[in-house]
Amino acid sequence: MWDDRGHDHLSPSHSLSHGGGCGCKIAPGVLSEILKSSGAAGVVPAELLVGIETSDDAAVYRLNDSQALVATTDFFMPIVDDPYEFGRIAATNALSDVYAMGGKPIMALALVAMPVNQLPLDVIGAIARGGQDVCRAAGIPIAGGHTIDSVEPIYGLVAMGLVHPDRVRRNADARPGDVLVLGKPLGVGVYSAALKKEQLGDAHYREMIANTTRLNTPGPLLAELPGVHAITDVTGFGLAGHALEMARGAGATVAIDWSRVPLLPGVADLAAAGFVTGASGRNWAGYGESVALASGLPPTAQALVTDPQTSGGLLVACAPESVQDVLAVFQREGFAQAAVIGGVEAGPARLDVRA
């Protein structure tokens, strides 16, 4: 079967899954309760440089004085109907967490759960091929994986990378006085909501694919800059959720200047027309009490600052004197819309969104 863009079709994604992309994440408040009751920390060896304590992007384990292993996993249900693009998006998203820690990917394992009695094998193969092509672009193999028969299509990766222990960049190490730089524009969740209702134009669809399949390769280059203190990537909890993780880790206030936040083309109009995901509301319910929205913001600001991003951009906290170097790295790597969006200030651990 073919969709109107000329690609193999998943038939369609919203008929086979109840949610798509990073919008499938468990709501922040629910996740917090699960982790608190699970005793998830368990054994914590000295070599574990980053664990679950700050809700960081990946675990980091010191191997020796010059190498640490970055390990993460990410998988979700389709965000688009094209199986090849779904595979590319899911793989790009999974590798992002390695880049966000300052690491370089070395290999991946595929996680494949498919309704084999509903999806043709060539469609499943197209998903796998999309993931393989992204890993090839990242210069790494898919060295194995695991498959199961599932009621909903799910694809993702276990991703592993290496980083020098001194160049690990956590989400918790921002400092008052730091400047915040965002690497990709927001709005993937809004686009996906419009796509689900068949109201996303071809040009915006192409923007969505380009944004979600752009590997966050600036990560390890940014980690080499001494003025870069913290890095995370903006995914399912939205810009507000991941900025709040940065604020809580630093014990400081993160301030975002909304007028400087880059948005994907047409996103503001689509959000104003009501194309907003349910995950956006769940995000606000989970952490909205720690977010101050200034008067004078557009009515869509709350929905957009909580908009779940699939394969979103890197959020970087750096010293003011390093801002131009950070922006130069993004530009060289093809991130033309990277922008300064705010800063970190002394104060309570919260997020201020300013007009």
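## Terms and model

Axes are lines fitted to C-alpha atoms, for helices over the stretch in contact, and angles run from 0 to 180 degrees between N-to-C directions. Two packed helices are described by the angle between their axes and the distance between the axes. Helices (H or I, at least four residues) and strands (E, at least two) are DSSP runs, numbered from the N terminus.

This is a predicted model, in which local features need pLDDT of at least 70 and side-chain atom pairs count only at pLDDT 80 or more, while totals for chains, interfaces and linings use all residues. Residues are numbered from 1 along each chain as its sequence is written, and side-chain values use heavy atoms, with hydrogens and water left out.

## Helix α5 against helix α6

α5 and α6 pack with their axes 10 Å apart and at an angle of about 135°. The two helices are therefore oblique to each other; angles under 35 degrees count as roughly parallel, over 145 as roughly antiparallel, 65 to 115 as roughly perpendicular and the rest as oblique. The crossing in which α5 passes α6 is left-handed, a term used if the near helix is turned anticlockwise from the far one by less than a right angle (right-handed if clockwise).

On the α5 side, the contact (heavy atoms within 4.5 Å) is made by Val-188, Tyr-191, Ser-192 and Leu-195. On the α6 side, it is made by His-204, Tyr-205, Glu-207, Met-208, Asn-211 and Thr-212. By class, the residues of this contact of α5 with α6 are five nonpolar, four polar and one charged. Here Ala, Val, Leu, Ile, Met, Phe, Trp, Tyr, Cys and Pro count as nonpolar, Asp, Glu, Lys and Arg as charged, and the others, Gly among them, as polar.

## The buried side of α6

Helix α6 spans residues 202-212, and its buried residues are Tyr-205, Met-208, Ile-209, Asn-211 and Thr-212. Buried means under 20% relative accessible area, exposed over 50%, and partly exposed in between (1.4 Å probe, protein chains only).

What covers the buried residues of α6 includes α3 (83-100) and α5 (188-196). α3 and α6 have axes 9 Å apart and pack at an angle of about 40°, which makes α3 oblique to α6. Glu-85, Arg-88, Ile-89 and Thr-92 of α3 make this contact with Tyr-205, Ile-209 and Thr-212 of α6. The contact of α3 with α6 has three nonpolar, two polar and two charged residues.

## Surroundings of α5

α5 is mostly covered, with eight of its nine residues buried. Those buried are Val-188, Gly-189, Val-190, Tyr-191, Ser-192, Ala-193, Ala-194 and Leu-195. They pack against α6, α9 (267-272) and α11 (301-305).

Gly-189 is found in helix α5 and counts as buried at 3% relative accessibility. Leaving aside residues up to four places away in sequence, Gly-189 touches Thr-277, Asp-307, Pro-308 and Gln-309. Gly-189 and Met-208 are 19 residues apart along the chain, and their C-alpha atoms are separated by 9.6 Å.

## Two buried threonines in loops

Thr-300 has its place in the loop between β10 (291-293) and α11. Its relative accessible area is 14%, so Thr-300 is buried. Not counting residues up to four places away in sequence, Thr-300 touches Ala-268, Ala-271 and Ala-272.

Thr-310 is in the loop between α11 and β11 (314-318). With a relative accessible area of 1%, Thr-310 is buried. The C-alpha atoms of Thr-310 and Gly-238 are separated by 9.2 Å, and the two residues are 72 residues apart along the chain.

## Positive phi values

Most residues other than glycine have a negative phi, and most peptide bonds are trans. Glu-198, a residue other than glycine, has a positive phi near 60°. Glu-198 lies in the loop between α5 and α6 and is exposed, with a relative accessible area of 67%.

Ser-55 also has a positive phi, near 50°. Ser-55 lies in the loop between β1 (48-50) and β2 (59-62). At 42% relative accessibility, Ser-55 is partly exposed.
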